[in-house]
Amino acid sequence: MYKSAYDKNSEDAGANEAMGLNVFNQGANTYNESLKQKDYKKAEAMENQAKETWKKSIPFLEKALSLKPGNNTVLDTLAQIYAQLGDLEKSKFYRDQIKK
């Protein structure tokens, strides 16, 4: 569904946001499953997979933000991603832009 909307108009802020959030959520699901693993190596592999998935969501989210600046949902998601990836400076950059 999201891919269809994105394919129709890749220059639409909403389509980019939806694609980015969909990919982000796939990574979050993998990460949450990794927390349930008893096998450390499997958990670590799943966590790394989640991080790679999150990285794939960044271009969509950044495009959405460029098309619709100040979108708190996108800003918060980017802040979360960068925090999980260990880039606290970028996380803070996005977090500081969130309107209260």
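Author: What follows is a short exchange on terms and values.

This is a predicted model, where local features need pLDDT of at least 70, side-chain atom pairs count only at pLDDT 80 or more, and totals for chains, interfaces and linings use all residues. Residues are numbered from 1 along each chain as its sequence is written, and side-chain values use heavy atoms, with hydrogens and water left out.

Reader: What makes up the protein chain, helices or strands?

Author: The chain has five helices and zero strands. Both are DSSP runs, numbered from the N terminus: helices are H or I, at least four residues, and strands are E, at least two.

Reader: Why is the pair E11 and K63 called a salt bridge?

Author: The term asks for a side-chain nitrogen of Lys or Arg within 4 Å of a carboxyl oxygen of Asp or Glu. E11 and K63 meet at 2.9 Å, N to O, so the pair qualifies. E11 sits in the loop between α1 and α2, K63 in helix α3, 52 residues apart. The structure holds six salt bridges.

Reader: Which residues make the contact of α2 with α4?

Author: Contact means heavy atoms within 4.5 Å. From α2 come E17, L21, F24 and Y31; from α4 come T73, V74, T77, Q80, I81 and Q84.
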